[in-house]
Amino acid sequence: MDEVREMEAVTEDDLIKFSKEDVISYYPNPVKEQLYLKWELINDNKVSSITVYAFSGQVLQRFSRTESSDNQIISFTECPRGVYLVTLDYNYGEHKTIKIIKQ
């Protein structure tokens with residue numbers, strides 16, 4: 001079993017890097033209550049929306065108008081244990097999907 005540690009603040013070393021071109025960081029995974037997303041995109045690309053899906057494909061949460069932001073906090077408090085997909089849609093039409101495990 002992995003050791004659980006309390007954190008006062010998220011540091012850069014705690015973040016999991018998503019890709020080399022666009023830096024999309026998320027923490028923690030597995031998640032208990034809240035997922036922290038932060039991004040730095042190249043070529044003036046922006047995250048236009050974020051969607052949280054149950055593994056069955058059901059849309060659970062949707063965040064729009066994220067173009068002026070570089071982060072999002074997603075609550076998983078009401079979600080049962082399981083696997084979820086978080087999709088970030090870019091304004092250039094691309095999207096990235098992150099698999100999140102809820103403990």
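## Overall architecture

The model is a predicted one.

The chain has 103 residues, of which 35% count as buried. Its exposed surface comes to about 7000 Å², with carbon and sulfur atoms supplying 47% of that area. Among contacts with a separation of 6 or more, 47% are accounted for by residues 24 or more positions apart.

## Strand pairing around S7

Strand S7 covers residues 82–90 and runs antiparallel to strand S4, residues 47–54, with 7 bridges joining the two. Within this pairing, Ile 50 has Leu 88 of S7 as its bridge partner.

S7 is also joined to strand S8, residues 95–102, by 8 bridges, again in an antiparallel arrangement. Thr 87 stands opposite Thr 97 of S8. S7 and S8 form a hairpin with 4 residues between them, and Gly 93 in the turn has a positive phi of about 95°.

Strands S2 and S3 run antiparallel and are joined by 5 bridges; they form a hairpin with 6 residues between them. Tyr 26 has Leu 37 of S3 as its bridge partner. Because 4 of its 5 residues are buried, S2 is largely enclosed by the rest of the structure.

The loop between strand S2 (23–27) and strand S3 (34–40) contains Pro 28, which is joined to Tyr 27 by a cis peptide bond with omega of about -15°. Pro 30 is found in the loop between S2 and S3 as well. A cis peptide bond joins Pro 30 to Asn 29, here with omega of about 15°.

## The nonpolar core

The largest nonpolar core has 20 residues; those that touch the most other members are Leu 35, Leu 37, Ile 50, Ile 74, Phe 76, Val 86 and Leu 88. At least two residues of this core come from each of S2, S3, S4, S7 and S8. The strand that gives the most is S7, with 4 residues.

Ile 50 and Leu 88 are bridge partners, and Leu 37 is the bridge partner of Tyr 26.

## Phe 76 and the aromatic pair

A search of the whole structure finds 1 aromatic pair. Phe 76 and Tyr 84 form this pair, which is edge-to-face, with 5.5 Å centre to centre and 70° between the planes.

Leaving out residues up to four places away in sequence, Phe 76 touches Val 31, Lys 32, Glu 33, Gln 34, Leu 35, Val 52, Tyr 84, Val 86, Ile 100 and Lys 102.

## Thr 51, a buried polar side chain

Thr 51 lies in strand S4 and has a relative accessible area of 2%, so Thr 51 is buried. Its side chain makes a polar contact of 3.4 Å with the side chain of Arg 62.

Apart from neighbours within four places in sequence, Thr 51 is in contact with Val 59, Gln 61, Arg 62, Leu 85, Val 86, Thr 87 and Asp 89.

## Arg 65, an exposed loop residue

Arg 65 is located in the loop between strand S5 (59–64) and strand S6 (71–75). Its phi is near 60°, a positive value in a residue other than glycine. At 74% relative accessibility Arg 65 counts as exposed, because the cut-off for that class is over 50%.

How values were computed. Residues numbered from 1 in each chain as written. Predicted model: local features only at pLDDT ≥ 70, side-chain atom pairs only at ≥ 80, totals over all residues. Heavy atoms only, no water. Phe/Tyr/Trp six-rings, centres within 6.5 Å; stacked < 30°, edge-to-face > 60°. Buried < 20%, exposed > 50% of the residue type's maximum accessible area, 1.4 Å probe, protein only. Contact = heavy atoms within 4.5 Å. Areas by Shrake-Rupley, 256 points an atom, 1.4 Å probe, with all protein chains shown as cover. Pairing = 2+ DSSP bridges. Core = buried A, V, L, I, M, F, W, Y, C linked by side-chain atoms within 4.5 Å. Polar contact = N/O pair within 3.5 Å; in protein donor to acceptor, adjacent residues only side chain to side chain.
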